[in-house]
Amino acid sequence: MFWQQSSRALRRQWRICNGIRHGVAKAQPSTFSPHPARCFHAARSLLAVKPVLLADIGEGIVECEIIQWFVEPGARVEEFSPLCEVQSDKASVEITSRFAGVVKKLHYDAGDMAKVGKPFVDIDIQGDAKAEDFEALTPPEAPVEEIDPFATTAVQQLPVAPAQSQVLEQSTPAPVPMEQKGKHASLATPATRHLSKELRVEISHVPGTGKDGRVTKEDIYRFVERRNSPAAQTTTPTNPTLVGLVSPGITTNGVQQETPLPLTRTQEMMFKTMTRSLNIPHFLYADEVDFTSLVELRSRLNKVLHKSGLSDGQVSKLSYLPFIIKTVSMSLNKYPILNARVDIDSSNSTSNGNPKPTLVHRSQHNIGVAMDTPQGLLVPVVKNVGALNILGIAAELARLQSLAVAGKLSPQDMSGGTITVSNIGSIGGTYLSPVVVEREVAILGIGRMRTVPAFSTLPGEEDKVVRRQVCNFSWSADHRVVDGATLARAAEVVRTIVEEPDVMVMHLR
């Protein structure tokens, strides 16, 4: 009797479960699978989602900023397809995909700081998501009721006089048709983003006309022109000669106005680097260098390059900077301490528990060159200067300059410097006090070259006044490891070679 009652109860429960299951399947046939065993699944089963880790993109970099995304959730990517562009303390880098699949999740938004070694995007390596799949998983939107403009309403429309109707037609602006934005309207090159910040334009509001709706510089200029056109018609200055001389932030009512602006990515990079650099105790050493012989040598070499074409298409004209960089490298052979760096190892401590510093000497002369670019101050590095001649240095400088202007310097171009040269004289200024870069112990600042009268140094012509081209060299060094006498002797070597540039011929490789 007991077993019969138990079997009847089990059969009754089984019928009830089957009834509930078939009822739910009939109520929602589009959501559930037709197979009875999978009736409560609403998505694909067993998705192989791979988190992509942000790889190390440079020495000492632990985080970087997401500048822009090239993909969105649901997009199909192939191996080595670009995923996003990031900005580190060194340069902007394009991150590519390690897998082929479908993007499932973006862990960061544009402008967020991503950690090195942490996931920043998830990719389904088995999935091949289509638009129909996502539409099936998206609940249908509620229908929007259309309003009949001729339908009668409870509010009676008041009659308007003909004169009033004309005034209303004149005062009411005509609706401006909205321009269609592309799906990548917020994507732009670093130079375009820099221009948008200078003109105070929110780049996501600019309709893009580039590839896939990408915003270009011309789009920003057109957007600013349309934005400023009403103000230009209503506020016409009384004196046209003052146009462009008045800053937009200056007012005539005597009230001080402050406009906070966020730092650009290059300014943030400079802020962090200089904050760390000012922990180094500096000392300054300045000297005046006679460039007369170097001016003559450069003029002769440029004539030879122009006539014979020895530049091999890489360099058409030599500047003074390749000679100075080569001279600094030659002085480092005699004073290698200026090519070293200070390493403070916390694992190696003194008796009182403080970290013990170490001076690390480096064999190659990787000389960083400060460059003024549209993005701001950047310091690319000319690698292994000791193995290059003047033409090789000039060609590498031209390559780095073109990449810096285009905003395409790689982390390899910006890392590994051992000493820095800053040629501020190309812009202006005679004297400067440069700041030593972190992981270096010395920096050279070059002032503006100028023509001065001086007494001749030739025998028998000591009282004769001659024309000389002089330039000021300003050195800064880490006073923890470099003393004044050592830097003065190294600077004297540089001055001697610049004033007698024929010495370089004996060191050609």
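## Basis of the model

Because the model is predicted, local features need pLDDT of at least 70 and side-chain atom pairs count only at pLDDT 80 or more, while totals for chains, interfaces and linings use all residues. Residues are numbered from 1 along each chain as its sequence is written, and side-chain values use heavy atoms, with hydrogens and water left out.

In soluble globular proteins, nonpolar side chains tend to be buried together. Buried is used throughout for under 20% relative accessible area, exposed for over 50% and partly exposed for values in between, with a 1.4 Å probe and protein chains only.

## Aromatic pairs

Rings of Phe, Tyr and Trp (its six-membered ring) pair if their centres lie within 6.5 Å, and planes under 30 degrees apart count as stacked, over 60 as edge-to-face and the rest as tilted. By this rule there are three aromatic pairs. One of them, W69 with F120, is stacked, at 6.1 Å centre to centre and 20° between the planes. W69 belongs to strand β2 (residues 63-69) and F120 to strand β8 (residues 119-124), so the pair ties together parts that are 51 residues apart in sequence. Strands (E, at least two residues) and helices (H or I, at least four) are DSSP runs, numbered from the N terminus. W69 and F120 are buried.

F291 and Y320 form an edge-to-face pair, with 5.9 Å centre to centre and 70° between the planes. Since F291 is in the loop between β9 and α7 and Y320 in the loop between α7 and α8, the pair ties together parts that are 29 residues apart in sequence. Both of these residues, F291 and Y320, are buried, and together with F473 they form one aromatic cluster. R298 lies over the face of Y320, at 4.4 Å from the ring centre; for this, NZ of Lys or CZ of Arg must be within 6 Å of the ring centre and within 35 degrees of the ring normal.

## Helix α7 and its cover

Helix α7 (residues 292-308) has 17 residues and reaches 25 Å from its first C-alpha to its last, close to the expected 24 Å, a span taken as 1.5 Å times one less than the number of residues. Its buried residues are T292, L294, L297, R298, N302 and L305. What covers them includes β9 (282-290), α8 (321-334), α9 (390-406), β18 and α11 (484-499), where contact means heavy atoms within 4.5 Å.

## Residue N472

N472 lies in strand β18 (residues 465-478) and, at 5% relative accessibility, counts as buried. Leaving aside residues up to four places away in sequence, N472 touches D287, E288, T430, Y431, G445, I446, G447 and R450.

P82 is placed in strand β4 (residues 82-87) and is partly exposed, at 35% relative accessibility.

R98 is found in the loop between β5 (92-96) and β6 (101-106), and R98 is exposed, with a relative accessible area of 51%.
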